[in-house]
Amino acid sequence: MHELSIVKRFMNIALEEAEKRKIDRITALTLQVGEMTDVLPEYLHKYYDMCAEGTVLEGSKLIIEPVPMKVKCLSCGHEYNPMKTKDRVCDACGSGECKLLEGRDITVKALSYESL
């Protein structure tokens with residue numbers, strides 16, 4: 001259910017931008033969703049359509065771009081994309097010590113729109 005609050009938060013960002021830029025209609029909102037967020041895209045789509053009704057987002061498309069997990073080995077500095085379900089052992093040196101670089105955030109990548 002946390003997907004509903006996520007949709008509302010990013011829709012508010014899009015609506016604020018639409019007001020600031022005097023946008024009449026948003027045609028698409030593109031989000032980048034990290035695989036470590038445990039957000040389910042199907043629920044984002046479901047809530048998006050429901051929340052967009054009556055706004056400049058109504059009828060727009062929600063585009064979700066997955067962002068894979070990327071880590072950096074703290075022993076050798078190698079950056080790699082481990083499997084989410086497996087341990088994060090470095091494929092270069094075998095160390096299990098790493099720092100998460102990408103894959104835990106959700107961000108607005110783009111707004112597509114029309115202005116009359």
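Which residues does Leu-62 touch, not counting residues up to four places away in sequence? The views below concern a predicted model, in which local features need pLDDT of at least 70, side-chain atom pairs count only at pLDDT 80 or more, and totals for chains, interfaces and linings use all residues. Residues are numbered from 1 along each chain as its sequence is written, and side-chain values use heavy atoms, with hydrogens and water left out.

**View A. Surroundings of Leu-62 in the largest nonpolar core.** Leu-62 touches Leu-29, Leu-31, Leu-44, His-45 and Tyr-48 (contact: heavy atoms within 4.5 Å). The core has 22 residues, and Val-7, Met-11 and Val-33 are among those with the most contacts inside it. A nonpolar core is a set of buried Ala, Val, Leu, Ile, Met, Phe, Trp, Tyr and Cys residues joined through side-chain atoms within 4.5 Å; buried means under 20% relative accessible area (1.4 Å probe, protein chains only). Helix H1 (2–21), strand E1 (25–34), helix H2 (41–52) and strand E2 (61–67) each give two or more residues (DSSP runs numbered from the N terminus: helices, H or I, at least four residues; strands, E, at least two). H1 supplies the largest share, seven residues.

**View B. The open sheet of three strands, ordered E4-E3-E5.** The pairing is antiparallel, where two strands pair if DSSP finds at least two bridges between them. Strand E4 (79–80) and strand E5 (98–102) are the edges. Strand E3 (residues 70–73) pairs with E5 over four bridges, and Cys-73 stands opposite Cys-98 in E5.

**View C. Thr-37 in the loop between E1 and H2.** Thr-37 is buried, with a relative accessible area of 17%. Leaving aside neighbours within four places in sequence, Thr-37 contacts His-2, Gly-103, Arg-104, Asp-105 and Ile-106.

Technical notes:
Buried < 20%, exposed > 50% of the residue type's maximum accessible area, 1.4 Å probe, protein only.
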